[in-house]
Amino acid sequence: MAVVCPECDSPILIDPDEVEEGETLQCDECGMELEVVSTDPLEIAPVDIVGYDDEDDTLAIEEDEE
Ligand SMILES: [Zn+2]
């Protein structure tokens, strides 16, 4: 099974039986670290976004000031 790297659009071959949710892989083409967010269906996301844990910053962007 292949997924497409969200960074460089290169196909990445992944065997869903060999990965687990939360596992990280690296794109061979661009070196982007990718986290397996779901195995059924197989879904990956850049680790930089998944691991973004500074919620204060996110809230500051989403909240409108009056
Ligand atoms: Zn890539």
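Residue numbers start from 1 along each chain as its sequence is written. In this predicted model, local features need pLDDT of at least 70, side-chain atom pairs count only at pLDDT 80 or more, and totals for chains, interfaces and linings use all residues.

**Overall make-up**

The protein chain has two helices and five strands. Here helices (H or I, at least four residues) and strands (E, at least two) are DSSP runs, numbered from the N terminus. Along the sequence the pattern reads β-β-β-β-β-α-α. Of the 66 residues in the protein chain, 5% count as buried. A residue is buried if 20 or more other C-beta atoms lie within 10 Å of its own, exposed if 12 or fewer, and partly exposed in between, with C-beta atoms placed from the backbone. Among contacts in the protein chain with a separation of 6 or more, 21% join residues 24 or more positions apart. Two residues are in contact if their C-beta atoms, placed from the backbone, lie within 7 Å.

**The sheet**

Three strands form an open sheet in the order β3-β4-β5, with antiparallel pairing. Its edge strands are β3 (24-26) and β5 (42-46), each of which pairs on one side only. On average, neighbouring strands of this sheet are turned by 40 degrees against each other, direction ignored. The axes behind this angle are lines fitted to C-alpha atoms, for helices over the stretch in contact, and angles run from 0 to 180 degrees between N-to-C directions. Two strands pair if DSSP finds at least two bridges between them. Strands of a sheet pair through backbone hydrogen bonds, either parallel or antiparallel.

The two pairings are set out below.

With two residues between them, β4 and β5 form a hairpin.

**Thr24**

Thr24 lies in strand β3. This residue is classed as partly exposed because 13 other C-beta atoms are within 10 Å. Not counting residues up to four places away in sequence, Thr24 touches Glu33, Leu34, Glu35 and Val47. Thr24 and Pro46 are 22 residues apart in sequence, and their C-alpha atoms are 9.1 Å apart in space.
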